[in-house]
Amino acid sequence: MTDGRTWTVGVTGATGYAGGEVCRLLAAHPQLQLAGVHAASSAGRRLGESQPHLLPYADMVVQPSDPASLAGYDVVVLALPHGQSAAIAAQLPDDTLVIDCGADHRLNDPAAWARWYGGEHSGTWPYGLPELPGLREQLRSAKRIAVPGCYPTSVTLAMAPALAAGLVTPDVVVVAASGTSGAGKSAKTHLIGSEVMGSASAYGVGGVHRHTPEMVQNLSLAAGGPVTVSFTPTLVPMSRGILATCSAPLAPGVDAEAARAAYAKAYADEPFVHLLPEGQWPTTAAVLGANTVVLQVAVDPDAGRLVVVAAVDNLTKGTGGAALQCANLALGIPETTGLPTVGVAP
């Protein structure tokens, strides 16, 4: 137990969506204290100018993101674009808990990094999805943690139990809808309101989305062997949330009862993953602002496929909440501390 101890936290990328979500959640955490906010282009400005919803921190002045400015915290959260975390992390003290919300340290295979992101691989850190078998223990007392991508969080939790239990053959098809915050806060023409409102579109089609190798890595770990993933992301007119529909061919003899039993067993003791009652289907609205994933399982007997639908808030359990969940584990704080399981509705 931690006996009420507190730790200081510095967040860089605090003016973006992911960093802002980390700050929002820190406001309710009894043992993690936001002590500094950092960003590159916004240094010198009040945080409230870019994050007006963060009223407790509105008057904090945004500091630069260089390693020297970040070196004095107990915990540093790097909420930076892919490729920008590794250089900073390499210069932070070894005894600082560093949590990377970007992709720099997620992949195990240097060749996969070079193919999907380019450049030199920066090494692999303990992977921040405690719900995967064996990973929770790796995160306890870790000093470097890689937070999963938002799409891989939903897809991994949707399909891992089926693959681990041998319910399906290792050939997964995913179509996932995401809100616009998943693309970050930088201005992009295809994300402005007049382009998005009333429209849904596919992107990254044909196996080219960068989260694909992360899904393959996670699901292959769960299956104990190679898994193929065909992933099609879509953009829908909402600010946050992911709804992932995942399917795979059923193994011989598997029926709906066996499938549901496997999921109920896999997530019986997980505080943030919930298998919904039969007949109730996940919605992104149900997880808005919550560090939860909700699932439903079905068997399509005519097609011979298992279908699993998962909903997650890409900024909470998909990023910022996952970062604090991992921090809790690494610091010996009860895992659920400061993390909401109740969404915002309507």
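The model is predicted: local features need pLDDT of at least 70, side-chain atom pairs count only at pLDDT 80 or more, and totals for chains, interfaces and linings use all residues. Residues are numbered from 1 along each chain as its sequence is written, and side-chain values use heavy atoms, with hydrogens and water left out.

Helices (H or I, at least four residues) and strands (E, at least two) are DSSP runs, numbered from the N terminus. Two strands pair if DSSP finds at least two bridges between them. Strands of a sheet pair through backbone hydrogen bonds, either parallel or antiparallel.

Five strands make up an open sheet with parallel pairing, in the order E2-E1-E3-E4-E5. Strand E2 (32–38) and strand E5 (144–146) are at the edges with a single partner strand each, so one side of each has no neighbour in the sheet. On average, neighbouring strands of this sheet are turned by 20° against each other, direction ignored. Strand E1 (residues 7–12) and strand E3 (residues 75–78) run parallel and are joined by four bridges. Opposite Val-9 stands Val-75 in E3.

Helix H1 (residues 17–26) packs on this sheet and touches E1, E2 and E3. Contact means heavy atoms within 4.5 Å. The direction of H1 makes about 155° with that of E1; axes are lines fitted to C-alpha atoms, for helices over the stretch in contact, and angles run from 0 to 180 degrees between N-to-C directions. Helix H11 (residues 316–331) lies across E1, E2, E3, strand E4 (97–100) and E5, at about 155° to E4.

**The seven-stranded sheet**

A sheet of seven strands is also open, but its pairing is mixed, in the order E7-E8-E6-E9-E12-E11-E10. Its edge strands, E7 (201–202) and E10, each pair on one side only. E9 and E12 run antiparallel and are joined by eight bridges. Ala-248 has Leu-306 in E12 as its bridge partner. Helix H7 lies across E6, E8, E9, E10, E11 and E12 and runs at about 35° to E9.

Helix H10 (residues 256–266) has the buried residues Ala-259, Arg-260, Ala-262 and Tyr-263. Buried means under 20% relative accessible area, exposed over 50%, and partly exposed in between (1.4 Å probe, protein chains only). Seen down the axis of H10, these buried residues fall within an arc of 155°, so they line one face of the helix. The arc is that of the directions from the helix axis to the C-beta atoms. Glu-257 and Lys-265 are exposed on the face turned away from the buried side of H10. The buried residues of H10 pack against helix H7 (150–164), strand E10 (273–275), strand E11 (293–300) and strand E12 (305–312).

**The nonpolar cores**

A nonpolar core is a set of buried Ala, Val, Leu, Ile, Met, Phe, Trp, Tyr and Cys residues joined through side-chain atoms within 4.5 Å. The largest one has 43 residues, and those with the most contacts inside it are Met-159, Val-172, Tyr-263, Leu-295 and Leu-306. Among the elements giving two or more residues to this core are strand E6 (171–178), helix H9 (212–223) and strand E8 (228–235). H7 gives the largest share, nine residues. Leaving out residues up to four places away in sequence, Met-159 touches Val-172, Leu-219, Tyr-263 and Val-308, among others. A second, separate core of 36 residues includes Val-37, Val-77, Cys-101 and Ile-145.

**Single residues**

| Residue | Relative accessible area |
|---|---|
| Gly-102 | 1% |
| Ser-178 | 2% |
| Cys-101 | 8% |
| Cys-150 | 11% |

Ser-178 is in strand E6. Not counting residues up to four places away in sequence, the contacts of Ser-178 include Tyr-151, Thr-234 and Ile-242. Gly-102 is in the loop between E4 and helix H5 (110–116). Gly-102 and Gly-83 lie 19 residues apart in sequence and 7.7 Å apart in space, C-alpha to C-alpha.

A disulfide is counted where a pair of cysteine sulfur atoms is within 2.5 Å, and the count is zero. For Cys-101, the nearest cysteine sulfur is that of Cys-326, 9.1 Å away. For Cys-150, the nearest cysteine sulfur is that of Cys-101, 11 Å away.
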